[in-house]
Each structure stands twice: as C-alpha cells, then as structure tokens.
Amino acid sequence: MADRPRRAPFTVFPSVTRQRRRVFLYIGSFVGVIVLYTVAYMWGMAAYEGETRTVLQAFSIVVETFTTTGYGVDAGQWTTPQMRLLMVLMQMSGVILIFMALPVFVAPWVQEALRVSPPTTIDDDVENHVVICGYSPRAETLIDEFHSWDHEYVVVVADRDAALDLYEQDITVVHGDPESADALRNVHVEDADAVIADATDEQNASIALAVREVSETVRVISLVEDPDLTNYLQYAGADQVFSPRHLLGHSLAEKVTASVTTDLGETVTIGEDFEILELSIQTGSDIDGTRLDESGVRECTGANIIGLWRRGEFQSSPSPTTELDGDTILLAAGRETQLERLKEMTISDGHGPVRSSILVAGYGEVGSTVEEAMQSKSVRTTVVDREEKSGVDVFGDVTDEDVLREAGIEYANALILALADDTTTIFATLIARELAPGVEIVARANETDNIGKLYSAGADYVLALETVSGRMLASTILEGEEIISPDKQIEILRTTAPRLTGQTLRDAAVRTRTGCTVIAVERNGEVITDLGPNFVVRGGDQLIIAGTDEDTNEFAEIAQ
C-alpha cells in the first residue's frame, strides 16, 4: 500500500542466460556426436568391412551423412548389418540435430532479419527539442502536449523492444542508454531546449551527470520519487527537481479538508479577487436534488458555474436543466465572498469540522503527505497500511472488510485511497462503498486509463499521478502555455491564441470546437472577466481557459 518500491539499478534478464546455455549445449553436443560417429565409422569399416579409413575420410562421410549430400566413394560399400545399422543411426542423428537447430538458430535469425530496427540517432538539423530520458505513463501526457503545440521531442530508452514498440506507435524515439554521454550526443542534447530525466532516482542522477558531460548549459529537469533525494539530484546537475507524488498528496488532502470544513481551501487565483474553485455537492445540502436553473446559485451568490463533473465526465457550461446531486462536483468562478456563499449552499448540516474523521489508506509518499496536510488543518485522521511502521494506526489490507471496520469506515466523513496499485484501489473502492454508502471516497490513480473504472466503482473524486506529472512538466517547458492547476481534475491554463486575433468569442466558437470555456482574458496586466459573445480577442491577449486535457490540447491546435 506504500508507494512503489525503488527498483534495483541493474536488471538481470534470465532468458538471455538460458538462451546462451542452450546454444553452448547444442554446439557441444553437435561436436561430440560428430567425433563419436567419426571414430565409430573408422572402427566399423575395419572390423566389419575389412577396409581402413583415415580420420579425414571418416569425418567426410559423417558430414556428408548429416548434410544429406551423398556418400562419395563409400556409397553402397556397406554389406554387413552392423555397418548398415550404424549408417541408419547416423542419418537419424543428423535429422534430429538439424531440426533442433531450426528453433535455436534459424528461426531467431529470420525474425531478427525481418524485424524493423529502432533508430539510434536523429537528424542533424534538429534543435530546440526536448530529450525525454526514459518512458513512463506520465510521458504520454507530456507528449500529447508537445503534439498539440508542434514542439519537437525525442524519447531515449535503453530497452530495444520498448524502443521498437514506441517507434511503431509513431513516437519519436531513439534506442540508446540515456545514462551514456554517447547516446545523448546522438540526440544532439547540446542543442536541446531541455532534458527530462524520467527513470528511478538513482538513474536520474546518472542521466544528469551524463548530460553535464556533453553540455553545461542545457536545462535538466528531473522527477524524484523520494523528495529527500532532491539535493543529490541537484548536485548531479539537475536544474529543477519535481516531486509529483507530494503535489498529488497535497491536492487530495485539500479536496477532503474543503469538504469537511467551512474553509474554501486552495483556489485557483486568476486575478485580483477572481478565483476558480471545485466544490462537491454534499447529500442533504441546499442545492442537492435541484436543477441548476432552480438552485438559485447565480441569484444568491453571484458566482458563475463554468462546468461540472459527474462520475468523471466533465460538462462545460452545463445546461440550466442539469440535475445537481451528491455525485456532482461544481467548477465555479467568482470573487472570494461569492465562492464562500456558494460553499455554504453545497455543505449539508451533517458535515462539519466537529464530526470530521478521515481515513487515509496507504502510507507512502502520497499518503504521508495527505496525513501531514490533515494534521495542519487539525483534522482527525486514521491511517491504514499493511506495513507496520511509525504513523500507521491500523495495520492490515484495506481490501479487507474487517480492517476497514476497525479503522471506522462506517463513521468516517471521507476515505482517501493513496495506494500505489490501481487494481487494489478499485477493489478497495468497491468494498468501501458497500460498507459505507455515504462516505466520500477520494482516490489516487496512477494511470489515466483507470479513472473511469474508479468512478464506476464508486469513487467521488479521482486524480491521476501521471496527469499531474505531465502537466507540471508541460507548464515548465512550453513557453506559450502556463498550466495554472496541474493538480486539479480540470486543466486551467493561461495561453496565447494568435489565430483567434480579431475574432469575437462567438465567431471563434471555442466551446463548440474544443469543449473549453474561456474564463477570463488578461490584457495589458488587467484581468477581464466580463466576457460576452461580442468580446474581441486582440493580439497579445492571454486567454485563461478551462477544460479537460484533451480539450485544452484541441484548443492549442486551433489557436496557435
């Protein structure tokens, strides 16, 4: 239940060792059989046929038999049953050895000859690109951003099969050891805009050192699993070190503390006194069970509902007839006082700081960050982990009903699943939802593909580690894009839109074409929030938009 264990710096491939042993055994057996039959043929011809053969003559006969090319002068010279039996055994042995050689040697050679090889270098004229050392799910989010912004990149991986798989997926990849200065020279790291070290902490340090052998100026960005190792990565040459697990844990904690307290929690600040906030509608609150146009949100608070989540599906500018219930998370924009009034409308009388009790499942980097954030808010927590270590209150498997009951799931306000394995998280969600139908379940997902499964299992709020990581890196590298909310379900970014210059928002049809909502426009240092359909985009404007990752990538393609 803790974060994934650190991998060993060296990987052993037992299949390669077994293959070599088979090859050596085959060659040894083949030579031994040849020698045995050569001696047997010399002795048999002398003993049974009364003729002598030299070693070279006997060896020639054995080879001719094994290769089925004929017997030369000895063809038909065997009159005794013993010699005929020897020749039959020799022929059968040759056939068996040949058939053994087919799967051991011939088939692999044919496969290797027909197989496409991944490239080991890139074109000499490539520059201002991003070199990604290693490949993980978080790199997928980053590469999607690069494609949208038409930014050059190259992935360097040491495993040939992995490189070939990426190459066949039309991902720009090079097969080489990212810890080798020579491999980095092959991708022109000295001309790159940045290098991203995306492997284990130890390997990332080695990558940073290798980069510094080639260039002292190129920017090196490293991800770190253990934040305590940040200084060592910086010593190795990393300019920036990110800990996405720490950020993810902090975000999960903020989501829950905002639900069990009257505080707004962390908001996304756009300008002076204009903020964006995600708010969960709690069962039994004032607006639970109402339609959006009947809820009185706009009339009573003045805040704008710019979108909402329901079971992982985002609706941009929802219809006035949209039903609001306990499965709804609002994305609202407005001044702080307006958002505070809206918060009061989303909280039920049964939730509050006095009754707040939070279960944290998993006490790795993410879980410990969640627990620390809860303590800073004076929220009582119970930590569950299968490993007995300091800080854990209940030892056991969170997928065990008895363990959840012992932790107090039936009386808790919320359960935060900070587990390293998505399959375990999904199963734990199913069990927790069955035991405590009213508990709020906030879950960490490691891969975006599992977000939908977690919502189907009963989770109320899911945030993917790879999404947070990819957004952090994209916001750091891409000059024209600033992701304001890397740790939220929705992506909020500040970006230019040169292709929309001179168009009104109605003509641009951003929402229709991309699914994004233009929240505000920053012009000459002023944030404009009163945007009507006739608002004209000017050159130099920075648009603040909200949407899913796919929607914002679509916006970049039409606006840049």
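Two strands pair if DSSP finds at least two bridges between them, strands (E, at least two residues) and helices (H or I, at least four) being DSSP runs numbered from the N terminus. The views below show a predicted model, in which local features need pLDDT of at least 70, side-chain atom pairs count only at pLDDT 80 or more, and totals for chains, interfaces and linings use all residues. Residues are numbered from 1 along each chain as its sequence is written, and side-chain values use heavy atoms, with hydrogens and water left out.

**View 1. An open sheet of five strands with antiparallel pairing.** The strand order is S7-S8-S11-S9-S10. Strands S7 (268-271) and S10 (313-316) each have a single partner strand and stand at the edges, so one side of each is left without a neighbour in the sheet.

**View 2. The antiparallel pair S8 and S11.** Strand S8 (residues 274-280) is joined to strand S11 (residues 328-334) by six bridges, and Ser-280 has Ile-329 in S11 as its bridge partner.

**View 3. Helix H4 (residues 137-149) beside helix H19 (residues 549-559).** The two axes, lines fitted to C-alpha atoms over the stretch in contact, with angles from 0 to 180 degrees between N-to-C directions, come within 8 Å and cross at roughly 20°. H4 and H19 are therefore roughly parallel to each other, a term for angles under 35 degrees. The contact (heavy atoms within 4.5 Å) involves Asp-144, Glu-145, Ser-148 and Trp-149 of H4, together with Asn-553, Ala-556 and Glu-557 of H19.

Conventions: Angles under 35 degrees count as roughly parallel, over 145 as roughly antiparallel, 65 to 115 as roughly perpendicular and the rest as oblique.
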